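Subject: Structure handover and findings

Hi,

My notes on it follow below.

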Amino acid sequence: MNNSVSSNESKIIAHDSPYDDGAHETPILIQYWQAVLRHKIAIAAIVAVSIAFGVIVTLLMTPYYTSTSTIEISREQDKITNVQSVVAPEGASQNLEFYQTQYSLLESRSLAERVARAQNLASKDNFFEIFDVDPDNSGLLAEKSNVLSAAQRQERLTLAANLLEENITISPIRGSSLIDINFQSPSPALSSQIANAWVDEFVASSLDRRYNSTADARKFLVERLADLKQRLEDSERNLSAYADNKEIITLSSQRTSDGKTVAQKTLASANLEALNNELARAISDRIAAESEANQRTGNKTSLSNTALNNLREERAKVQAEYAKLMVQFEPEYPTAKGLESQIAALDKSIIAEEARSRTGTSARYQEALNREKQLRAQVTRLKNQFSSERRDSIQYNVFQREVDTNRGLYNAILQRHGEIGVAGIGANNISIVDRAQPARGPSSPNLLLNIILAILFGLGLAAAYVFVMEQIDQSVKDTSDLKSKLGIAPLGSIPDLEKEDILLSLSDKKSVAWEAYLSIRTSLSFLTDHGVPKSFLLTSTRPNEGKSTSAFALAAVLASTKKRILLIDGDMRNPSLHQMLGAKNEMGLSNYLSGDDKLEQIIQQDNAYGFHAMSAGPIPPNAAELLSSTRMRELVERLGKDYDTVIIDAPPVLGLADIPLLADSVEGVIYTIEAGGVKLRSIESAIQRVRSSHAHIFGGIVTKVPAQHSGYGYAYQYSYGNKTAEQV
């Protein structure tokens, strides 16, 4: 028989079956869902306790009231004066940077301390009592409030600022320059008081920062003015002393719009200009006199002589009258003689006047020439003096530029000093939109919110609980664990059904139980090259894991295919097959192993499920001794000739020596594991014991899988009868 078994084992398609590649592995999300369903009661309890705890804590919490003040912070400042501030406007920066700065200032520690000082909170015991805080850690607030030392007052101020910081909330209104300042406390009046004080002190602190920067600038400008004033006086003294030393006398000067002195007129330049003009006129006179003197030839006397011109005009008239008389009279005519004498007298006068005129022209020419020479000499002297002055003016201009620079700096800083006094007084970019009012109702605790948070906390705690329990629980949950954790092929899973349900369901081929075992039969058909194994046994780690029920159901399913099936109850210590068949256990396997060869009397050939059965028979005193004989192997070999498949319902592995003896008689072993039952360590130990007997394990069946965990939808639409009998 051993050779037969070995020959059969060589034909087994052991772990190369199609379901061996992980195709039946349960998706991870379904595994999570199944884990939740396994612990649903604990999850519900944890969530319920969390909700109850949240409700109790909420009811015990001190109610807080929130008051809100709203302010607007503009990037551009409102200006009463038309004077620039000392510091650049904050709005010159980017929007994000500017407003983030304002939010940080609103939440700053310095502002909290400022509010605490402004409201004198350090000395108000009722402020600390509202928050249930004892600043002195003595319980004697009232007695100590009037005798506080500097250290105690500072400690109280720090504590008050901490309370303000903890309860203030800055909430920018999205898409606008409005900001809500929220303060919460157990007192509605205190909440509105602090919210309004927070706004007031923020506005005041903003103005203080501008004033302080202006005061610092004013102090700097005063010091700078004194220095520039001294430098201006020194530069002016140097300029004046140099001008006196070099005899540079400035008659007039002009200043440009930027305060520079240009186009200065000195005494030397004025004199040179006047003499140069006189020289030009003298040259003109000398040229005129010279031209007149050159006209001495003949009677070409200067036409500019009025007396001579009058004499000539008079002579011409007389000569005309004389010529007219000569037409009528002789030269001896008295009138003619008188006119002739008059002409002669006029000729003498003309000759005398011409002589006198020539003498005057020469004198005038000489006089004009002498004056030109004198003026030219004076101009030359003044030119030399002006050239020397121009050389001296280089250093003079250096002193002048120094005076102009110092005067410009002094005037600019003096003007700035006068401006900063009013530059920041009215500049303010913060306006109060709404002042806080006492709240009508508490803002916290929020019962609905706390319940939601309690639910979330409970779900998180439940998730942690499920995770820990799943890590601690080392049992098999479904068929996906067989390959990954035990290294055996998954053949199928059976929903959690009782024996009566299965016995009833097997008569209905549309039942859930039938479908489950039919799926396993399909898996069995791929185990060997000849289909369903000729012989195999079902075992488990411990009793009550569903192996007997599975053996019975597989026999019924296989028999439905018109195959000859024999089911042997091999558990002679705790037989169950006769109970499921409703028969007596008078004859069976123990009889054959004891020497009775009458198989026709031992095998029950007629039953409602279509297979033949061999019960365990009378319980022997030592079943291991019967199984250790060769008759068991001979029985399987003999029955294999008459039946297509021989199924043995074997006893559990742990604690018994029967399995190694029985496994040697069949082609292989199907291991039955209860879902959530035996720990992996025990199952691994049992499987190792089976393998140590050189038995081949075809795979495993997971039984008693909760209907909602099985992955096949078992029992969602079916209901089964009593669940009173214990599944074997």
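Start with helix 3 (residues 40–60) and helix 13: their axes come within 8 Å and cross at roughly 145°. Axes here are lines fitted to C-alpha atoms, for helices over the stretch in contact, and angles run from 0 to 180 degrees between N-to-C directions. Helices (H or I, at least four residues) and strands (E, at least two) are DSSP runs, numbered from the N terminus. Helix 3 passes helix 13 in a right-handed crossing. A crossing is right-handed if the near helix is turned clockwise from the far one by less than a right angle, and left-handed if anticlockwise.

On the helix 3 side, the residues that meet helix 13 are Ala42, Ile43, Ile46, Val47, Ser50, Ile51, Gly54, Val55 and Thr58. Their partners in helix 13 include Leu447, Ala454, Phe457, Leu461 and Tyr465. Contact means heavy atoms within 4.5 Å. By class, this contact has 16 nonpolar, 5 polar and no charged residues. Ala, Val, Leu, Ile, Met, Phe, Trp, Tyr, Cys and Pro count as nonpolar, Asp, Glu, Lys and Arg as charged, and the others, Gly among them, as polar.

Two notes on provenance. This is a predicted model, in which local features need pLDDT of at least 70 and side-chain atom pairs count only at pLDDT 80 or more, while totals for chains, interfaces and linings use all residues. Residues are numbered from 1 along each chain as its sequence is written, and side-chain values use heavy atoms, with hydrogens and water left out.

Overall picture

The protein has 24 helices and 13 strands. Of its 728 residues, 42% are buried. Buried means under 20% relative accessible area, exposed over 50%, and partly exposed in between (1.4 Å probe, protein chains only). Take the contacts between residues at least 6 apart in sequence: 79% of them join residues at least 24 apart.

Helix 5 (residues 109–118) and helix 8 (residues 150–167) have axes that come within 8 Å and cross at roughly 115°. This crossing is right-handed too. Arg109, Ala112, Glu113, Val115, Ala116 and Arg117 make the contact from helix 5. Helix 8 brings Leu157, Thr158, Ala160, Ala161, Asn162, Leu164 and Glu165. The class count is 7 nonpolar, 2 polar and 4 charged residues.

Helix 16 (residues 512–524) and helix 17 (residues 547–559) pack at about 75°, with their axes 9 Å apart. That makes helix 16 roughly perpendicular to helix 17 (65 to 115 degrees; under 35 is roughly parallel, over 145 roughly antiparallel, the rest oblique). Helix 16 contributes Trp514, Tyr517, Leu518, Ile520, Arg521 and Leu524.

Cores

The largest nonpolar core has 46 residues. A nonpolar core is a set of buried Ala, Val, Leu, Ile, Met, Phe, Trp, Tyr and Cys residues joined through side-chain atoms within 4.5 Å. Leu486, Leu537, Met614, Met632 and Leu639 have the most contacts inside this core. Helix 24 (residues 680–692) gives the most to it, with 5 residues. Leu486 touches Val476, Asp481, Ile673, Leu680, Ile683, Glu684, Ile687 and Arg691, not counting residues up to four places away in sequence.

A second, separate core has 35 residues, including Ile71, Phe98, Leu111 and Ala116.

Phe202 lies in helix 9 (residues 188–245). Phe202 is buried, with a relative accessible area of 1%. Leaving out residues up to four places away in sequence, Phe202 touches Ile71, Ile73, Gln102, Leu105, Leu106, Leu111 and Ile430. Phe202 and Gln102 are 100 residues apart along the chain, and their C-alpha atoms are separated by 9.8 Å.

Backbone points to check

Most residues other than glycine have a negative phi, and most peptide bonds are trans. The Ser444 to Pro445 peptide bond is cis, with omega near 5°. Pro445 sits in the loop between strand 6 (428–434) and helix 13 (447–472).

Asn544 has a positive phi, near 65°. Asn544 is in the loop between strand 8 (535–540) and helix 17, and is partly exposed at 27% relative accessibility. Lys704 has phi near 55°, also positive. Lys704 lies in strand 13 (residues 697–705) and counts as buried at 15% relative accessibility.

Best wishes
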